[in-house]
Amino acid sequence: MKGRMYILLCSDGSYYTGNMNDLELRMNQHQAGEGANHSKKRLPVELICFKEFQRIDKAFYREKQLER
């Protein structure tokens, strides 16, 4: 199964990384304050990066790399 990773720029200049299946749905959730605790306290957010991987574990691995 393919994996998808994204990076958001939050209104305070911080970043949020995540994985999802449906980018449009997930972005709507973030903007409505229904996303992660980090992003809902820092609205609005802006999508700055989106990458698709051949395998979901590769997307999770890349997300964890970026979080360090």
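In this predicted model, Ser14 touches Leu8, Leu9, His38 and Arg42, when residues up to four places away in sequence are not counted. Ser14 belongs to the loop between E1 and E2, and its relative accessibility of 17% makes it count as buried, because the cut-off for that class is under 20%. With one of the residues it touches, His38, the side chain of Ser14 also makes a polar contact, side chain to side chain, at 2.9 Å.

The side chain of Thr17 makes a polar contact with the side chain of Glu67, at 3.0 Å. As for Tyr6, its C-alpha atom is separated from that of Thr17 by 5.7 Å, although the two residues are eleven apart along the chain.

**The nonpolar core**

Which residues form the largest nonpolar core? It has eight members, namely Tyr6, Leu8, Cys10, Tyr16, Met20, Met27, Ala36 and Val45. Strand E1 gives the most to this core, with three residues.

**Helix H1**

Helix H1 comprises residues 23–31, and within it Arg26, Met27 and His30 are buried. The elements against which the buried residues of H1 pack are strand E1 (3–10), strand E2 (15–19), helix H2 (37–40) and strand E3 (45–53).

The N-terminal end of H1 is capped by Asp22, one of whose side-chain oxygens lies 3.2 Å from the backbone nitrogen of Glu24. Just after H1, Gly33 takes a positive phi of about 80°.

**From the H2–E3 loop into strand E3**

The loop between H2 and E3 holds Lys41 as well as Pro44. Lys41 counts as exposed, because its relative accessibility is 65%, and the peptide bond from Leu43 to Pro44 is cis, with omega near -5°.

Phe50 lies in strand E3, and at 37% relative accessibility it counts as partly exposed. Leaving aside neighbours within four places in sequence, the contacts of Phe50 are with Arg4, Met5, Tyr6, Met20 and Leu23. Tyr6 and Met20 are among the members of the largest nonpolar core, while Leu23 falls within the residue range of H1.

| Pair | Separation in sequence | C-alpha distance |
|---|---|---|
| Thr17 and Tyr6 | eleven residues | 5.7 Å |
| Phe50 and Leu23 | 27 residues | 8.8 Å |
| Lys41 and Lys64 | 23 residues | 21 Å |

**The chain as a whole**

The secondary structure of the protein comes to three helices and three strands, and from the N terminus on these elements run β-β-α-α-β-α. Among contacts between residues at least 6 apart in sequence, 58% join residues at least 24 apart.

How does the radius of gyration of the protein agree with that of a compact globule, and what value does the protein have? With 68 residues, a compact globule would have a radius of gyration near 11 Å, and the 11 Å of the protein agrees with this. Along its principal axes, the C-alpha trace spans about 30 × 25 × 20 Å.

The protein exposes about 4,500 Å², of which carbon and sulfur atoms supply 48%.

Note on methods. Residues numbered from 1 in each chain as written. Predicted model: local features only at pLDDT ≥ 70, side-chain atom pairs only at ≥ 80, totals over all residues. Heavy atoms only, no water. Buried < 20%, exposed > 50% of the residue type's maximum accessible area, 1.4 Å probe, protein only. Helix = DSSP H or I, 4+ residues; strand = E, 2+ residues; numbered from the N terminus. Contact = heavy atoms within 4.5 Å. Polar contact = N/O pair within 3.5 Å; in protein donor to acceptor, adjacent residues only side chain to side chain. Core = buried A, V, L, I, M, F, W, Y, C linked by side-chain atoms within 4.5 Å. Rg over C-alpha atoms; globule rule 2.2 N^0.38 Å. Areas by Shrake-Rupley, 256 points an atom, 1.4 Å probe, with all protein chains shown as cover.
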